[in-house]
Amino acid sequence: MDAFTVHTGTAAPLHRSNVDTDQIIPAEYLKRITRHGFEDALFASWRKDPDFVLNRPEYQGVSILVAGPDFGTGSSREHAVWALQDFGFRVVLCSRFADIFRGNSGKGGLLAAVIPQAAIEELWEIVEADPAILITVDLQERKVNAGEFTCNFEVDDYVRWRLLEGLDDIGITLEHSDVISEFEKRRPGFLPSLG
Amino acid sequence: MSRTLAEKVWSDHIIHEGEGLPDLLYIDLHLIHEVTSPQAFDGLRAAGRPLRRPDLTVATEDHNIPTFDVDKPIADPVSRIQVETLRENCKEFGVTLFPLGNVEQGIVHVVGPQMGLTQPGMTIVCGDSHTSTHGAFGALAFGIGTSEVEHVMATQALPLKPFKTMAINVEGALPEGVTAKDIILAVIAQIGTSGGQGYVLEYRGSAIKALSMEGRMTVCNMSIEAGARAGMIAPDSTTFDYIKGKPHAPYGKDWESAVSYWETLNTDPDAQFDREITIDASALRPFVTWGTNPGQGLPLDQVVPDPKAVSDPVERAAIENALAYMDLRPGQPLKEITVDTVFLGSCTNGRIEDLRAAAQVIKNRKVADGVRLLVVPGSTRVRIEAEAEGLDQVFLDAGAEWRGAGCSMCLAMNPDKLSPGERSASTSNRNFEGRQGPGGRTHLVSPEVAAATAVRGTLSAPTDLAEV
Ligand code: SF4
């Protein structure tokens, strides 16, 4: 995974609460067996509407999504993260993420940063007034800046550390292989097994 | 120190803990299916890592597969490739797979319990958010993403931050015709779709104790719809009786050691939950959703809500969007909403008891003209059991379609889907926009309400039906 320190880009406002992963990527697209190539699937049914924010000319090339509360609810499909990344997003800002979505984001290098709903609404206004405004998201400092606007964001410490270092989660766990083996010796014999 | 059920199971699985680090938790059972596993297997291959414990891993085919013509090759080539990829991966990595046509095949959350693989006190994960279902046995069970699927394949462990705990006390006796599904829909409507975020929910109280295992699974299944990753119910004699004699249940001396451990799995009397809510079961009525998230629900005898009555702008907009999508108007009685399709099935309500309850309602009655009723057993075993009891005939006589096992119309990734604008009453767990097919509209209901709705053609409870 590539390390994530600072990202600067333009943003799109998504004025919706409870954006579930069925909206982010409908099930039809989950039949693919690759980890990439989901850009066409992102918000597939909303994108049929020419007025949908990501279809508007002023929001082309955005890399930051400013979303309403409870983003990423529903299914555990990590395809939702891949679709956002394939489309070009590096950061999602939201006041409340669903747990599994937030966890999945951290694995794949998409930054799910939590800021208060009032700050989301301020950013919506800023971005709508000037869609070309550059927004900087600094993971080291945990800060979002857009012109005069500045705000701290929350992110899990462990996820932040892994993102900053670009570390592979599995590699970290494998360093504990010995203790895993010891734990296995202590497991009760009545537990089910398919062996 | 006094501990909750969730804390007991958690601490019994800690492999390693470190200052400022998540706990490393051992995983007792890893369930996999065709949709969220291919990229994980690819990851293992790319890194040259083996799958650590094939004997603690089990796979089934459920999301993508058709529920008719199951003896023929899958018609959709993209689906076929995904299913074949699972078969090849399981072969390569030594994982037991229950493919289409096998008697153990079915929805992953129906298969685990029916084989006795789901037991109290275990940690169970699956690349599927409804893994919370298995918490009905007092297991700590939760859904994970594909990166975590790969993580568990490679290490049989997961780094996790402890969850907070919430007690959901459901006290009193459920009125006649009110079910486990109505309990959980009422819980979600009360705490909201994010109310459970960061928590393990423990369902407690006399109404929960009185539920069968099927009912408990229905409740725990939808914990994720309240934003919680897991729901749990302390195991008791109902749990033990259900497990006893199942293919993977312990037996002999092992059974005794298992039960004496399982009996310790309950929340200590003076343990503290981070949050606690209480629901009066005797005041519950059959529940139905009117909107596009599972928290947008009301008792069936109510009317569609009016967004103008809501002051919070975000919530008002959410209601307006939902009503526009659902094509409903404020004040419309829920019982006057007509449906085109009724779907009885899914990991929420596709178990034998659900089919029995619906059959009881529909027996000697007919599905309304112009309504299609799709009955889809949650697993092939459920199908066989239902057929042995003659339930298939009850449904067929009423004019329903009787199908093979799978996720079917719960999600639109196999041939069973709604067409744009079509409206359904569904016993599944998600009423999101397009969940059952692009443009489809979903009302979540219990099996009993589903059956009554099929007969009347409008959202209905069994008590609305004329005597036969
Ligand atoms: S039945 Fe529905 S909710 Fe359950 S596993 Fe299948 S798709 Fe998911």
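Let us begin with a helix. In this predicted model, helix α6 (residues 180-191) of chain B lies across β9, β10 and β12 of chain B. Its direction makes an angle of about 130° with β12(B).

Which sheet do these strands belong to? In chain B, β9, β10 and β12 are part of an open sheet of 4 strands with the order β11-β10-β9-β12 and parallel pairing. At the edges stand β11 (230-232) and β12 (275-280) of chain B; each has a single partner strand, so one side of each is left without a neighbour in the sheet. On average, neighbouring strands of this sheet are turned by 20° against each other, direction ignored. In general, strands of a sheet pair through backbone hydrogen bonds, either parallel or antiparallel.

Chain B also has an open sheet of 5 strands, in the order β17-β16-β15-β18-β19, and here the pairing is parallel. Its edge strands, β17 (401-402) and β19 (441-444) of chain B, each pair on one side only.

| Strand pair (chain B) | Sense | Bridges |
|---|---|---|
| β9 (residues 164-171) and β10 (residues 199-204) | parallel | 6 bridges |
| β15 (residues 341-344) and β18 (residues 423-426) | parallel | 3 bridges |

B:T165 stands opposite B:V200 in β10(B), while B:T341 has B:S424 in β18(B) as its bridge partner.

Now for the ligand. Where does the ligand sit? The ligand is found in the largest cavity. Residues around the ligand include B:H63, B:H109, B:D128, B:H130, B:C347, B:C407, B:N429 and B:R435. The shell around the ligand divides into 5 nonpolar, 5 polar and 2 charged residues.

Technical notes. Residues numbered from 1 in each chain as written. Chains lettered and ligands numbered in written order. Predicted model: local features only at pLDDT ≥ 70, side-chain atom pairs only at ≥ 80, totals over all residues. Heavy atoms only, no water. Near = heavy atom within 4 Å. 1 Å grid on protein atoms, 1.4 Å probe; cavity = no way out; pocket = protein on both sides within 12 Å on 5 of 7 lines; lining within 4 Å. Sits in = over half its atoms within 2 Å of the grid points. Nonpolar A, V, L, I, M, F, W, Y, C, P; charged D, E, K, R; others polar. Pairing = 2+ DSSP bridges. Helix = DSSP H or I, 4+ residues; strand = E, 2+ residues; numbered from the N terminus. Axes fitted to C-alpha atoms, helices over the stretch in contact; angles between N-to-C directions. Contact = heavy atoms within 4.5 Å.
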